Each structure stands twice: as C-alpha cells, then as structure tokens.
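Reader: I'm new to reading protein structures. Could you walk me through one, feature by feature?

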Amino acid sequence: MKKILILVVALASVCTAMAQETYENAKIATEDLNGTARYVGMGGAMDALGADISTIGTNPAGIGLFRRSVASVSFGTNTQQDAVDFAGANKTRVSFDQIGFVYSNRWGSDTYVNFAFNYHKSRNFGYILSAQDNLYGVASQNKLTYAKNKGDYLYSYEPNGNGYPNIDKSKASCNQLDYLYTLNLLYYNDQDNEWDWFYDNANAYTLDRNHKGYIGEYDFNLSGNVSDRFYWGFTVGYHKVHYKHYGEYVENLIGYDLNGNPYNYNILVSDDRKITGEGVDIKAGIIVRPIEESAFRFGLSVATPTMYDLTTSNVTTMNFDGNNAQSSESLDYKLYTPWKFGVSLGHTIGQNLAIGAGYEYADYGSLDSRYNTGEGYYDWYYGTYHDNSESDEIMNRHTEQTLKGVSTFKVGAEFKPVPELAVRLGYNYVSPMYNMDGFKDGSLDSDGSYFSSATDYTDWDATNRITCGLGYQIGGLNLSVAYQYSSTKGEFAPFMSYEDNKYAADDNICDVVKVNNKRHQLLFTIGYTF
C-alpha cells in the first residue's frame, strides 16, 4: 500500500500567481528515445560514434564527425499495447519524427567545421491510461475535500437567515475539485447547534484518460573536427510543448440522506487540460580519439536545464445525480528541468562493425517549479514582455521527496555483412524517476496544489527499451528502418491516502493498481549524402 499521509492541511487564503504540480511537471521534463532510424535501432548508443544527426541533442560533438553534407527525414507509427479505446483515441498513431541537415565545411587537410539543424520529436505524449478498483464503501475522492472543510481550511461557514451556510470568499482555495465538491456535493448539517460536514463514500471507481501531443525540439549546432583526433560541438535547443489530455473519473457513491434514507448513484468528473509553451537549453560535448592507431574514442557531454515558459488551461466538469457544475482556469508559470551529464564510448572494427555505449545522469529531484511574480520587463527590441519568476519552495521540496536521480544506460552495435547493408541492435535502460512511496500531495501550501483539477497519480518504475533495425545504401541514398519496444510498469492511485488521528471513520485509504505502458514504434528514415 502507498505511504499514508497524516493529513495536515495549511492552505493560503488567496490565489496568487501559480506554478504547476510535481507529477504534471514530470511529464514535460522527460524525453523519449527518438530520432533517425539508425540512432533508434542502436538504442541511442551513438554519442561517441557520432556521424548521425540525432547526436546533435545528446553529444553535439557527434556532428563534428561528418565529412560530407547530409540531409534526412524520419516518420513512422507508435502503437500502445493492451490499451482500451477511449474518447476516440487511436492505439496506433502516425508520427512525423525528424528532419534535418548537416553542412560539412572543410578547413584544411584534416580539419572540418560543420553547421547543422535538426528537428525531432523529443517527447510523444500519446498514451491511454485506464485503471479501476474497489473502494469498499470506506473511501472516495470527495472525502479529501471533506477533510479540508472539516478543518476549516477551505471555506468558513456561518448560518444565515435562511438556514444555509455563507461562504467566506477570502478563504476559498483555488483547487478546482475542492470548489466543485464543496459547492455541489458535500452538505453541511446543523445538529445540536453545531455545524457538521457530511460526505459520501464509494464502492468503486474507474478512470480513463487520453493523453496526446508532443514536444518538438529544434536544435542548431556548430561543431568541428581537429586532425581527426578531437571533436567538439555546441547545440542551442528550442523546445515547443503541445500537450493535451481528456479524462473521465467515475465513482459509485453510497450513503444516506439527512432523513436516513439510503441512496446509490454515480458521479463523473471529466477533466480537459492543455499545456503549451516553449523552452531553451544549451548542450556541449567533446569526443576524443586518444590513440592515433586505434578507432576507439570516448565522449563527454553536458546539457543545461531547459527553461520552460508554459501556459496551462483546463475545463473540469462534475456530473452528479443529473446535475452539472463546471470550473475552468488558465495560468502562466515556469519550469526548469535538471542538468544532464553524459559519458560515452565508441569503437569501430574495420568497415564492418561499430559498437557504442553511453551513460547519462539527471537529477529530477532538482526539478524547479517556478511561479511568475507579476513583475517583469518589456524587451523593446523584440517587442515581448518577460515575467520574473521565483522558485515554489514548497512544491520543490515535495518534488525532491517524490522524484530522484535517473541513470540512462545504452548499448548498441551495427554490423555490415556487405558495404551496402547494415544490421543494428540496441538496448536502452532508464532507471526509475519516481520514489515508489511518492504521492500527489493535495494538502501542500503551494499554488501548484491549488490549481490542480485531478487527484490521481502514477509512480512509474524503470523503462526498458529493446531496438533493432536495418539500413541500405544506394549511392548517396540511405534507407533505414527501426523497431523499438518500450515497457514501463507503474502503480496508480486515484487519490492520496490519509489517516485521521482522531476519528478512524474519517480515514480515506485506497489501494494502488498496477498499470503499464508498453509501446511499439516502427520508424523509417530517408537520408541523402551530398
């Protein structure tokens, strides 16, 4: 069972500028294995081997190994295994994945300075999440809101002349689910001259959510080759975020009305969210061939945080017993991803065999959620306004407890039985980013919690990727195909669990559900060497 939170709620009294929540930010900060078919077919283990345009975003010095100009374009399909059809989502989606070129410029007999541009889809959000389980009539989503109201942390109620409570607007939280539940489902009863909250437990729940969209990365590179022994490179990256999801959460509620009559009905919470924005980063790398008589080489690389400027908006609708209520918001915030460091090895044997290996590390516990302060400056040259921002320290502490450092290991090989044909194999392992006792904490005194319109979360385990591919060369034309199988297991919870120190009946505990994300990618690349 998930770690249980002893609920201590301390909510601010007003809504200010906002940052986003840890689990939402983690979706934006991570990347997929994607690029050219050669790069994917070798598991991404080409950082020291170089001479593939996809290394522009991992070790920019890899572009320095080009001695001729090239151009390439990649496209394919992604299929989610075991997915349940939902909201018109297609388990198989066509994807345009990469386009770019390298201009190789010779400076002397054995020195080159190269220029390159590449676009690739660094993150594919396409995923259908489905989960369901029993709640045994002792837990529910609206019980979270009940606990906050019981502690007088969300709303202040005093009876008015009509026998109904008044809402103290100055204490209203921006949490959209709390708002909808409090005003439309929870009820407040006057007994023995004391006001008391009532809520409904649930027998079971189901959740279906369709994630879609992508992050497009545009990389601009300057690199070079010095005497075929030392390679260097710099890349400036521009990231464009396009993320959407639509989900439906259903609980079968049970309870008794104020007259003691039993009832049973479903409540449906639908959530439609969109995140858009852009970010920039800088990457640098070197590759060294230390022994003149050997093709063996090693590489080092570093990438700055991607500094995202994002906008998120949502429409959340609650349908209960034939009634509808709705809440919507839109806000701007910033997100800085962690630094990344990489080391790689590469070796070629004759003209027939290339072997590569790589390791990358990024500490996602240092993910920086930031809120706009409302102050900034106007850039008269570009005609744009820039908001100043500050770190959301409370959410960042939660992120540090929930996420951790991630190690990525990649190995790959390419064998050419004849000069025109290449056979490729690869393996790519990404260690878990989530602490498995982590949870989405809706009680944080943070703007990210206030804006949340969903209580569920998934702690994903390690990702294993197995890849293979073929390449065929006809003159300057290069044709490649790659297949990638990716598998990640996770633990899903519909809301955080908590214990009430005083009243056991107010405990709200749910079990985790095993989920997975198994994907099949088929990728094609057409390239031409000039």
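Reader: Let's start inside. Which helices each supply at least two residues of the lining of the second largest cavity?

Author: A cavity is a space the probe fits into but cannot leave. Here, helix H3 (142–150) and helix H4 (176–184) each give at least two residues to the lining of the second largest cavity. Keep in mind that this is a predicted model.

Reader: How much space lies in that second largest cavity, and which residues are closest to its centre?

Author: About 170 Å³ of space lies in there. Its lining is made of 17 residues, and Leu144, Lys148, Asn175, Gly442 and Thr455 are the ones closest to the centre. Sorted by class, the lining has 5 nonpolar, 7 polar and 5 charged residues.

Reader: And how many cavities of 30 Å³ or more does the structure hold?

Author: There are 6 of them.

Reader: OK, what about pockets? What volume does the largest pocket have?

Author: A pocket, unlike a cavity, is an open set of points. The largest pocket in this model has a volume of about 1500 Å³. It is lined by 49 residues, with Arg38, Gly50, Ala51, Glu414 and Lys416 closest to its centre.

Reader: Which strand gives the most to that lining, and how do the residues divide by class?

Author: That's strand S25 (residues 513–529), which gives 4 residues to the lining of the largest pocket. By class, the lining divides into 21 nonpolar, 17 polar and 11 charged residues.

Reader: How do I read the second largest pocket?

Author: The volume is about 350 Å³. Of the 13 lining residues, Glu278, Val280, Met307, Asp309 and His386 lie nearest the centre. Strands S12 (262–288), S14 (307–320), S15 (323–336) and S19 (384–391) each supply at least two residues of this lining. The classes come out as 6 nonpolar, 3 polar and 4 charged.

Reader: What is Ser69 in contact with, leaving aside its neighbours within four places in sequence?

Author: Setting those neighbours aside, Ser69 is in contact with Val102, Tyr103, Ser104, Tyr528, Thr529 and Phe530. Take two of these partners in turn. The Ser69 side chain reaches the backbone nitrogen of Ser104 at 3.0 Å. As for Phe530, it is 461 residues from Ser69 along the chain, yet their C-alpha atoms are separated by 5.3 Å.

Reader: Now zoom out for me. What share of the contacts with a separation of 6 or more comes from residues 24 or more positions apart?

Author: The share is 73%. The chain has 6 helices and 25 strands, and 52% of its 530 residues count as buried.

Reader: Last one: what does the accessible surface of the chain come to?

Author: About 23100 Å², with 55% of that belonging to carbon and sulfur atoms.

How values were computed:
Residues numbered from 1 in each chain as written. Predicted model: local features only at pLDDT ≥ 70, side-chain atom pairs only at ≥ 80, totals over all residues. Heavy atoms only, no water. Contact = heavy atoms within 4.5 Å. Polar contact = N/O pair within 3.5 Å; in protein donor to acceptor, adjacent residues only side chain to side chain. Buried < 20%, exposed > 50% of the residue type's maximum accessible area, 1.4 Å probe, protein only. Areas by Shrake-Rupley, 256 points an atom, 1.4 Å probe, with all protein chains shown as cover. 1 Å grid on protein atoms, 1.4 Å probe; cavity = no way out; pocket = protein on both sides within 12 Å on 5 of 7 lines; lining within 4 Å. Points joined across faces, edges and corners; volume = space filled by probe spheres on them. Nonpolar A, V, L, I, M, F, W, Y, C, P; charged D, E, K, R; others polar.
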